[in-house]
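Work through the exercises below with the sequence and the structure at hand. Each task is followed by a solution in steps.

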Amino acid sequence: MVRVILVALVLVLSSYSLITETELMPYYMFFLGALSFMTGLAELQKDRKGFWGYMSLVISLFVLFVSIQGFLMN
């Protein structure tokens with residue numbers, strides 16, 4: 001349920017930013033990082049010891065770091 005809400009937020013914010021040409025990138029990057037983090041946690045909870053759960057967590061931490069830098073730059 002949380003992943004569906006995060007996907008909707010990312011789609012709405014990115015579409016709104018594309019149509020109105022406003023700068024909302026830090027916001028949807030933050031929600032995209034949260035979505036990737038939730039996906040990584042779901043993969044690890046399924047006891048899949050593969051590469052993708054950990055990679056998703058690493059990518060989400062990087063995206064969250066970049067979005068926080070975007071918030072601080074503005």
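**Exercise 1: Helix length**

Solution. The model is a predicted one.

**Exercise 2: Packing of two helices**

Describe how helix 1 and helix 2 are arranged.

Solution. Two packed helices are described by the angle between their axes and the distance between the axes. Angles over 145 degrees count as roughly antiparallel, so helix 1 is roughly antiparallel to helix 2. The crossing of the two helices is left-handed. Among the residues that make the contact are Leu 6, Val 10 and Leu 13 of helix 1 and Phe 31, Leu 35 and Met 38 of helix 2. By class, the residues of this contact are 14 nonpolar, three polar and one charged.

**Exercise 3: Burial in helix 2**

Find buried residues of helix 2 and what covers them.

Solution. The buried residues of helix 2 include Pro 26, Tyr 28, Gly 33, Leu 35 and Glu 43. Helix 1 and helix 3 are among what covers the buried residues of helix 2. Just after helix 2, Asp 47 has a positive phi of about 60°.

**Exercise 4: Met 73**

Is Met 73 buried or exposed?

Solution. Met 73 lies in helix 3, residues 51-73. Its relative accessibility is 71%. Exposed means over 50%, so Met 73 counts as exposed. Met 73 and Phe 62 are eleven residues apart in sequence, with their C-alpha atoms 16 Å apart.

Note on methods. Residues are numbered from 1 along each chain as its sequence is written. This is a predicted model: local features need pLDDT of at least 70, side-chain atom pairs count only at pLDDT 80 or more; totals for chains, interfaces and linings use all residues. Side-chain values use heavy atoms; hydrogens and water are left out. Axes are lines fitted to C-alpha atoms, for helices over the stretch in contact, and angles run from 0 to 180 degrees between N-to-C directions. Helices (H or I, at least four residues) and strands (E, at least two) are DSSP runs, numbered from the N terminus. Angles under 35 degrees count as roughly parallel, over 145 as roughly antiparallel, 65 to 115 as roughly perpendicular and the rest as oblique. A crossing is left-handed if the near helix is turned anticlockwise from the far one by less than a right angle, and right-handed if clockwise. Contact means heavy atoms within 4.5 Å. Ala, Val, Leu, Ile, Met, Phe, Trp, Tyr, Cys and Pro count as nonpolar, Asp, Glu, Lys and Arg as charged, and the others, Gly among them, as polar. Buried means under 20% relative accessible area, exposed over 50%, partly exposed in between (1.4 Å probe, protein chains only).
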